[in-house]
Amino acid sequence: MEPPMVLGEKEWLACCGSVKFAQEMVDVNGWLEAFAAHPQIGERPSQNHKSPTSAQWSKGEQSTALATATDSTLQELYEWNARYRQKFGFVFLIFASGRSTPEILAEMKKRYHNRPIVEFELAAKEQMKITELRLSKLFSADATAGSTTKTPHTTDVVTKAGEDRVSIIGGHLTAANDSPASKPSRTRPPITTHILDVARGCPAAGVEVHLETWDNGQSRPLFGQADSGTWKLLGSSTTDKDGRSGQLMNMVDALNPGVYRISFNTGKYNPEGFFPFVSIVFEVRESQKFEHFHVPLLLSPFSLSTYRGS
């Protein structure tokens with residue numbers, strides 16, 4: 001399965017007709033909330049867990065790891081969990097079903113060296129594996145609950161329907177929407193952004209953001225050469241408590257092809273950091289003018305990561 005971070009609201013809306021669901025699925029804060037619901041590997045879920053069913057499932061999913069653990073490996077897990085959380089700001093997440101403690105430790109040590117953006121996407125991918133497993137459990141439980149009043153043939157049909165639903169969900173998550181047959185009016189501006197403060201493990205609020213377009217149709221900005229044109233400001237804003245900027249440009253169905261620059265005043269947000277400001281330059285081509293461009297930034301005092309959202 002491809003990392004969920006490359007999907008936008010349109011793709012998630014295909015999985016579930018709820019606009020709120022689709023918006024939450026592309027929200028970094030939402031992913032962090034999902035991560036936080038899992039206990040650390042080797043740790044029992046809290047008795048005050050908001051979902052007793054989820055806590056029970058977590059216990060079952062870690063059963064192989066706990067059965068293969070020793071005092072020394074449990075201590076090592078504890079230490080590496082702490083190191084991982086300190087670096088990335090969230091719990092180490094892995095599809096633990098059927099995996100031993102040595103396997104999980106080896107994977108944690110390997111992933112610890114990843115860049116924050118890479119690890120965030122891997123954690124989201126593992127979250128989706130766990131979610132799919134739990135959906136299949138729900139569907140299976142639904143079929144089992146009705147088995148007393150259904151014939152064996154009917155029960156098989158219900159179980160098969162549950163499996164089909166999980167398969168459909170997975171298909172939507174991995175499908176790439178390359179050629180939209182219709183181009184509906186947008187519900188958000190074509191270019192958006194948000195910032196996650198990896199050092200604090202939370203969205204970065206109060207960061208100034210500028211969006212500009214290259215205002216010279218005869219040339220384009222080139223690396224290593226002085227600008228022969230000018231940058232035209234399209235809009236500016238400041239990130240809110242969720243790390244999202246306000247509207248940076250007009251709501252248009254077709255985005256003008258060209259070169260764009262989005263800049264973040266990271267120096268004002270963190271005067272002790274390494275970057276006084278950050279600018280990201282990207283080009284929108286004619287074939288992409290109906291797409292949505294989401295440019296998140298993962299920020300820590302001495303490193304930055306960005307990626308192209310949908």
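Student: Which helices each supply at least two residues of the lining of the largest cavity?

Tutor: In this predicted model, helix H4 (52-61) and helix H8 (116-145) each supply at least two residues of that lining, and H8 gives the most, with three residues. The structure holds two cavities of 30 Å³ or more, and the largest has a volume of about 120 Å³. Of the 15 residues that line the largest cavity, the closest to its centre are His-38, Glu-61, Ile-94, Ala-96 and Ile-130.

Student: How many residues of each class are in the lining of the largest cavity?

Tutor: That lining has nine nonpolar, four polar and two charged residues.

Student: Why is the pair of Tyr-84 and Phe-90 called edge-to-face?

Tutor: A pair of aromatic rings is described by the distance of the centres and the angle of the planes. The ring centres of Tyr-84 and Phe-90 are 5.9 Å apart, and the cut-off for a pair is 6.5 Å. Their planes stand at 75°, and an angle over 60 degrees counts as edge-to-face, so the pair is edge-to-face. A search of the whole structure finds eleven aromatic pairs, and ring pairs link Trp-80, Tyr-84, Phe-88, Phe-90, Phe-92, Tyr-112 and Phe-120 into a cluster.

Student: What makes Tyr-84 count as buried, and what is the relative accessible area of Phe-90?

Tutor: Buried means under 20% relative accessible area; Tyr-84 has 0% relative accessibility and therefore counts as buried, while Phe-90, with a relative accessible area of 6%, is buried too.

Student: How do you know whether Thr-213 is buried or exposed?

Tutor: Thr-213, which lies in strand S4 (residues 208-214), has a relative accessible area of 14% and is therefore buried, since the cut-off is 20%. Leaving aside neighbours within four places in sequence, Thr-213 is in contact with Thr-230, Trp-231, Lys-232, Leu-234, Val-259 and Tyr-260, and the side chain of Thr-213 reaches the backbone oxygen of Val-259 at 3.4 Å.

Student: With which side chain does the side chain of Ser-263 make a polar contact, and what makes the term apply?

Tutor: The partner is the side chain of Ser-279, at 2.7 Å, and a polar contact requires a pair of N or O atoms within 3.5 Å, so the distance meets that limit. Ser-263 is found in strand S6 (residues 258-264) and is buried, with a relative accessible area of 13%.

Terms used: Residues numbered from 1 in each chain as written. Predicted model: local features only at pLDDT ≥ 70, side-chain atom pairs only at ≥ 80, totals over all residues. Heavy atoms only, no water. Helix = DSSP H or I, 4+ residues; strand = E, 2+ residues; numbered from the N terminus. Buried < 20%, exposed > 50% of the residue type's maximum accessible area, 1.4 Å probe, protein only. Polar contact = N/O pair within 3.5 Å; in protein donor to acceptor, adjacent residues only side chain to side chain. Contact = heavy atoms within 4.5 Å. 1 Å grid on protein atoms, 1.4 Å probe; cavity = no way out; pocket = protein on both sides within 12 Å on 5 of 7 lines; lining within 4 Å. Points joined across faces, edges and corners; volume = space filled by probe spheres on them. Nonpolar A, V, L, I, M, F, W, Y, C, P; charged D, E, K, R; others polar. Phe/Tyr/Trp six-rings, centres within 6.5 Å; stacked < 30°, edge-to-face > 60°.
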